[in-house]
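Colleague: I'd like to learn how to read salt bridges in a model. Can you walk me through it?

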Amino acid sequence: MESVLTPARRARRVALLVPALLAAAAVAFLAQRPLGRHHAGWHGWVGTVNGIVFLAAAALPVAAFAVWALARRRRAAGVEPGWARRSALAEVGALYGTVPWVWMILLPGVDPGGPRRRVNLVPLHDIAEIVGAGPPATAAAQIVGNTLVFAALGFLLPVRSAAFASVWRMLALGAACSVLVEAAQYVLRLDRVSSVDDVLLNAGGAALAALASRRWWRRPAA
């Protein structure tokens with residue numbers, strides 16, 4: 001039975017992979033277009049949001065191949081096929097879904113390396129300013145973007161390891177990772193605001209994502 005079903009399963013995987021690759025190519029093309037007009041050289045690729053989006057989209061096939069290769073290696077080592085696929089997807093997906101966001105929020109501001117270091121330790125102050133100052137769509141985009149920074153980590157780590165199978169643990173891990181990023185912004189003088197609101201949104205996003213993946217969490221061995 002397994003030998004009969006295997007080709008059909010492979011065909012379904014290919015059928016799902018093709019539109020994903022086409023979507024990645026479309027995103028990459030749209031993100032790459034402004035690079036030539038506004039930024040030259042390496043800075044246009046690694047120092048702008050458009051460049052990071054392009055590189056992330058272009059790396060999607062590499063990430064998909066990494067999942068396949070890692071799962072295949074684990075199956076060859078005797079790991080149960082379903083778990084081999086799931087664990088590989090969780091590991092690669094957590095990395096792929098987190099690195100571009102962290103990269104973006106570590107981009108320097110207008111005056112990197114300057115004397116100005118901006119810190120906000122008043123909860124909800126920056127969120128209130130964002131909501132009050134900008135159009136609703138802009139405010140929503142900034143708030144949602146901050147909740148997505150560690151969402152992949154929160155969604156997939158509990159799937160990979162029972163040690164992280166807790167909303168509270170993922171909330172704490174999201175907060176810890178966010179504090180490290182905010183501290184890096186301050187220490188590296190990136191001319192960005194190191195804000196407690198970013199920590200709240202980052203940690204909350206990780207916890208909500210963990211809650212969303214609860215049905216697939218890795219359970220402790222009996």
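Modeller: Start with the cut-off: a salt bridge is a side-chain nitrogen of Lys or Arg within 4 Å of a carboxyl oxygen of Asp or Glu. The general idea is that side chains of opposite charge can pair when their charged atoms come close. Keep in mind that this model is predicted.

Colleague: How many salt bridges does a search of the whole structure find?

Modeller: Three. Take Glu-91 and Arg-74, whose closest N and O atoms sit 2.8 Å apart. This pair links distant parts of the chain, with Glu-91 in helix α6 and Arg-74 in helix α5, 17 residues apart.

Colleague: Which salt bridge does Glu-91 form with a side chain at 2.4 Å, N to O?

Modeller: That one is with Arg-160. Arg-160 lies in helix α10 and Glu-91 in helix α6, so the pair ties together parts 69 residues apart in sequence.

Colleague: Are Glu-91 and Arg-74 buried or partly exposed?

Modeller: Glu-91 counts as partly exposed at 27% relative accessibility, while Arg-74 is buried at 18%. Arg-160 is partly exposed, with 27%.

Colleague: And where do Arg-118 and Asp-191 lie?

Modeller: Those two form a salt bridge, with 3.5 Å between the closest N and O atoms. Arg-118 is in strand β1 and Asp-191 in the loop between α11 and β2, so parts 73 residues apart in sequence are tied together. Arg-118 is partly exposed at 33%, and Asp-191 is buried at 6%.

Colleague: Which residues do shared partners join into one network?

Modeller: Arg-74, Glu-91 and Arg-160.

Notes. Residues are numbered from 1 along each chain as its sequence is written. This is a predicted model: local features need pLDDT of at least 70, side-chain atom pairs count only at pLDDT 80 or more; totals for chains, interfaces and linings use all residues. Side-chain values use heavy atoms; hydrogens and water are left out. Helices (H or I, at least four residues) and strands (E, at least two) are DSSP runs, numbered from the N terminus. Buried means under 20% relative accessible area, exposed over 50%, partly exposed in between (1.4 Å probe, protein chains only).
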